Amino acid sequence: MDERVASAVSNWAPRFTTNGVAVADFQRVTASVERWDDWCSAWSSAAKVHEDLGREAMREGRTRSAGAHLSTAAVYYHFGKFLFVEHPDEMREAHGRAVACLNDALPYLDPAGERIEIPFEGSRMVGVLRRPNGPGPHPVVVMVPGLDSTKEEFRSTEALFLERGLATFSVDGPGQGEAEYDLPIRGDWEVPGQAIVDAVAAQPGIDPERIGVWGVSLGGYYAPRLASGVEQVRACVALAGPYNFGECWDQLPPLTRTAFTARSFSGDQETGRKRALELDLTHAAGKIRVPLLVVAGKQDRLIPWQHAERLVAEAGGPTELIMLEDGNHGNMNVAAKHRYKTADWMAAQLGA
């Protein structure tokens, strides 16, 4: 396999399988791909198998199975497009299938999901709201993706919060998912964050006084930046996020640098580097007054673990650090060591 395929496989295997890709499918698809140019089509073919199973179940009235198959298909289509920015037409086709499959699955998930569109700066941000079973109003966790993740990827993480009585709102912000074609990546996430939180707080069955935010990877920058400037937020989790993304630039995989350049609407990678330097918590960390949980891994090859220590040292409120000696980027290879504790922490902070 070429270098980009090898990089994707080595960097992201635990992430794929933790977030909904069957191990056998991961092994089968990646073994069949030798060239990066074939990545999206291989994953789309695998996704189509699950989508067809979902459509069949829907026709037969087996709606619970349909929801499971279609939400799985959405994850597979997503992982086909997630870094495929050099082939925009093929990427967008796979992305469209991911969105369509998840939309069709939402009424049949347990608990069900609801698509929410948020007007923003002449375009829109789109999120999925899921409320836990039982009477509301419910506390809610705004779930923020990273550079190459989207709301379609978060079912397994949503489940951790939902089963603890927390609603979830997985959202595509600027440069992410459905917003990536019109809204570029930006550093001042308190601005889109305010629009997101306002929209969530206005939903029926949601307690506007108990809102938390969770973010992973680049979302681990966006979440504390949001918490630094949005007063309604009561707690924040930053998982594997940078303190300053531009300072990580030289050690990022080529696929990641290319994706950031595209999604920040930069004309070339040098411009992308300059934009990445704008994603900086220097003047924001001290404004975070709410409880903050920071999670990092010392084997992270993208974001140095020292960025987590710096955020904890400079945050203006109570902080806690989970530093995992054997954790990779996102700590997906040691998920049991942090995911349950993170969900318990958020439930405690929001009184779930």
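Analyst: Let us first settle one term: two elements are in contact when heavy atoms lie within 4.5 Å. Angles between elements run from 0 to 180 degrees and compare N-to-C directions. Please note also that this is a predicted model.

User: Which strands does helix 7 lie across?

Analyst: Helix 7 (residues 190–201) lies across strand 1, strand 2 (123–130), strand 3, strand 4 (167–172), strand 5 and strand 6 (233–239). Its direction makes about 135 degrees with strand 1. Helix 12 (residues 339–350) also packs on the sheet, where it touches strand 3, strand 5, strand 6, strand 7 (292–297) and strand 8. The angle between helix 12 and strand 6 is about 170 degrees.

User: In what order do the strands of the sheet follow one another?

Analyst: A sheet is read through its pairs, and two strands count as a pair if at least two bridges are found between them. Here eight strands form an open sheet in the order 1-2-4-3-5-6-7-8, and the pairing is mixed. Strand 1 (113–120) and strand 8 (319–324) are the edge strands, each pairing on one side only. From one strand to the next, the twist averages 20 degrees.

User: How do strand 1 and strand 2 run, parallel or antiparallel?

Analyst: They run antiparallel and are joined by eight bridges. Phe 120 stands opposite Ser 123 in strand 2. The two strands form a hairpin with two residues between them, and Glu 121 in the turn has a positive phi of about 50 degrees. Strand 3 (residues 138–144) and strand 5 (residues 206–216), by contrast, run parallel, with six bridges joining them. Within that pair, Val 140 has Ile 211 of strand 5 as its bridge partner.

User: Which helix gives the most to the lining of the largest pocket?

Analyst: Helix 4 gives the most, with five residues. Helix 4 (63–81) and helix 6 (155–162) each supply at least two residues of this lining. The lining includes Arg 64, Tyr 108, Asp 110 and Arg 155. By class, it has four nonpolar, three polar and four charged residues. The space in the largest pocket is about 170 Å³.

User: Why is the protein chain described as compact?

Analyst: The chain has twelve helices and eight strands. Its radius of gyration is 19 Å, close to the 20 Å that the globule rule gives for 352 residues, so the chain is as compact as a globular protein of that length. The C-alpha trace spans about 50 × 50 × 40 Å along its principal axes.

Notes. Residues numbered from 1 in each chain as written. Predicted model: local features only at pLDDT ≥ 70, side-chain atom pairs only at ≥ 80, totals over all residues. Heavy atoms only, no water. Helix = DSSP H or I, 4+ residues; strand = E, 2+ residues; numbered from the N terminus. 1 Å grid on protein atoms, 1.4 Å probe; cavity = no way out; pocket = protein on both sides within 12 Å on 5 of 7 lines; lining within 4 Å. Points joined across faces, edges and corners; volume = space filled by probe spheres on them. Nonpolar A, V, L, I, M, F, W, Y, C, P; charged D, E, K, R; others polar. Rg over C-alpha atoms; globule rule 2.2 N^0.38 Å.
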